[in-house]
Amino acid sequence: QRSVSVDQRLSRNSTGAKESEFLVARNDDEAEPEKKASGNELLIYFCLMVFVGLGNKIFNKLETIPMYNYPNFLNLLTTAVFVPCCFAYIIPAARKGWIPKEQLEMPRKPFAVMGGL
């Protein structure tokens, strides 16, 4: 193994993995075998996801029939909750360095336009 400085061992990349994990070469014999999902398993999960999403959409429409203003209320409520919750974890993550600098340096104007639309 190569000697790694303390700063390199403690620094983390954007995926949360330690940089030193990438510096040490691993043998394929030592690597843990990963379970790969078969095509049938993925097809089952996809069908389940479509079924649950369809049920969610159908029941959402059915629950709004007796309540005239409920869809507008639900839209405003989810927006009023979603936006502060996003900033509640994005701002501290940016200050602590969990978000890489190259992501923070991206232009914000296109995202502001998308959010405004």
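Which element supplies the largest share of the lining of the largest pocket? I looked up the answer: α4, with seven residues.

**Ground rules.** I am working on a predicted model, where local features need pLDDT of at least 70, side-chain atom pairs count only at pLDDT 80 or more, and totals for chains, interfaces and linings use all residues. Residues are numbered from 1 along each chain as its sequence is written, and side-chain values use heavy atoms, with hydrogens and water left out.

**Fold.** I looked up the elements and found six helices and zero strands. Helices (H or I, at least four residues) and strands (E, at least two) are DSSP runs, numbered from the N terminus.

**Pocket.** I noted a volume of about 630 Å³ for the largest pocket. Among the 15 lining residues, Phe87, Ile90, Leu104, Arg108 and Phe111 are the closest to the centre. A pocket here is an open set of points on a 1 Å grid over the protein atoms alone, where a 1.4 Å probe fits, with protein on both sides within 12 Å along at least five of seven lines; lining residues have an atom within 4 Å of a point. Points are joined across faces, edges and corners, and the volume is the space filled by probe spheres set on them.

I checked the sources of the lining: α4 (70–96), α5 (101–104) and α6 (109–116) each give at least two residues. By class I find 13 nonpolar, one polar and one charged. Ala, Val, Leu, Ile, Met, Phe, Trp, Tyr, Cys and Pro count as nonpolar, Asp, Glu, Lys and Arg as charged, and the others, Gly among them, as polar.

**Helix α4.** I read 27 residues and a reach of 39 Å from first C-alpha to last, close to the expected 39 Å. The expected span is 1.5 Å times one less than the number of residues. Just after α4, Gly97 has a positive phi of about 90°.

**Cysteines.** I searched the whole structure for disulfides (cysteine sulfur pairs within 2.5 Å) and got zero. The sulfur of Cys85 has its closest cysteine sulfur in Cys86, at 7.2 Å, too far for a bond.
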